[in-house]
Amino acid sequence: MAYAQPDSETVYLETDVEQVLTGLQVGLGGAKGTCCWCGRELHDGHCVTVYAYRTAGHDEWSLPRVYCRDCNGGKIETPTLGTTGVVATAFLGILQVAASQTTRLVLTGVEIEEYSGPDDGSKA
């Protein structure tokens, strides 16, 4: 039986950004998403370009922009100091959650195209 002890040391693991973004949910729920540029509906199997970021000191990644293959507008034009940002291509897949009987649209086959580290950018 595995359990966490309250006084135990926190363990941190390092992994690739591609692995962290794989399985990240696209949209609010269900099995479809929307291109943020043209409004096209996106479904399982579509190739997309995404912009994702994580602020320093936080573990969770945010996925504010998803582009369809035709729009493909993902570029890091102005890096933000203290934020790790990536532009990646990926395929959309379906994750089925048996316990809640729901489906989610998620990223699969993620490949990083551009990377901006937390030390890039300016204070503005």
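How many disulfides does a search of the whole structure find? The search finds zero, a disulfide being defined as a pair of cysteine sulfur atoms within 2.5 Å. Cys 71 is accordingly in no disulfide, and the nearest cysteine sulfur, that of Cys 38, lies 3.7 Å away. Cys 71 is partly exposed, with a relative accessible area of 21%; in this classification, buried means under 20% relative accessible area, exposed means over 50%, and partly exposed lies in between (1.4 Å probe, protein chains only).

The structure is a predicted model, in which local features need pLDDT of at least 70 and side-chain atom pairs count only at pLDDT 80 or more, whereas totals for chains, interfaces and linings use all residues. Residues are numbered from 1 along each chain as its sequence is written, and side-chain values use heavy atoms, with hydrogens and water left out.

The chain contains one helix and six strands, where helices (H or I, at least four residues) and strands (E, at least two) are DSSP runs numbered from the N terminus. Along the sequence these elements follow the pattern α-β-β-β-β-β-β. Of the 124 residues of the chain, 28% count as buried. Among contacts in the chain with a separation of 6 or more, 64% are accounted for by residues 24 or more positions apart, a contact meaning heavy atoms within 4.5 Å. The accessible surface of the chain comes to about 8,600 Å², of which 49% belongs to carbon and sulfur atoms; these areas come from the Shrake-Rupley method with a 1.4 Å probe, and for residues only the protein chains shown count as cover.

Four strands form an open sheet in the order S4-S3-S5-S6, with antiparallel pairing; two strands pair if DSSP finds at least two bridges between them. The edge strands are S4 and S6 (102-116), each of which pairs on one side only. Neighbouring strands of this sheet are turned by 35° against each other on average, direction ignored, as judged from axes that are lines fitted to C-alpha atoms, for helices over the stretch in contact, with angles running from 0 to 180 degrees between N-to-C directions.

Within the sheet, S3 (residues 47-55) is joined to S4 (residues 62-68) by five bridges, and Val 50 has Val 66 as its bridge partner in S4. The hairpin of S3 and S4 has six residues between the strands, and Gly 57 takes a positive phi near 85° there. On the pairing of S3 with S5 (residues 83-97), nine bridges are found, and Tyr 51 is partnered by Val 87 in S5. S5 and S6 in turn pair over 12 bridges, with Gly 93 opposite Val 106 in S6.

Side chains of opposite charge can pair when their charged atoms come close. Two salt bridges are counted, the criterion being a side-chain nitrogen of Lys or Arg within 4 Å of a carboxyl oxygen of Asp or Glu. In one, Lys 32 pairs with Glu 41, the closest N and O atoms being 3.4 Å apart. Lys 32 is partly exposed at a relative accessible area of 43%, and Glu 41 is partly exposed at 40%. Asp 70 forms a salt bridge with Arg 40, with the closest N and O atoms 3.7 Å apart. This pair links distant parts of the chain, 30 residues apart: Asp 70 is in the loop between S4 and S5, and Arg 40 is in the loop between S1 (33-34) and S2 (41-42). Asp 70 counts as exposed at 67% relative accessibility, whereas Arg 40 counts as partly exposed at 34%.
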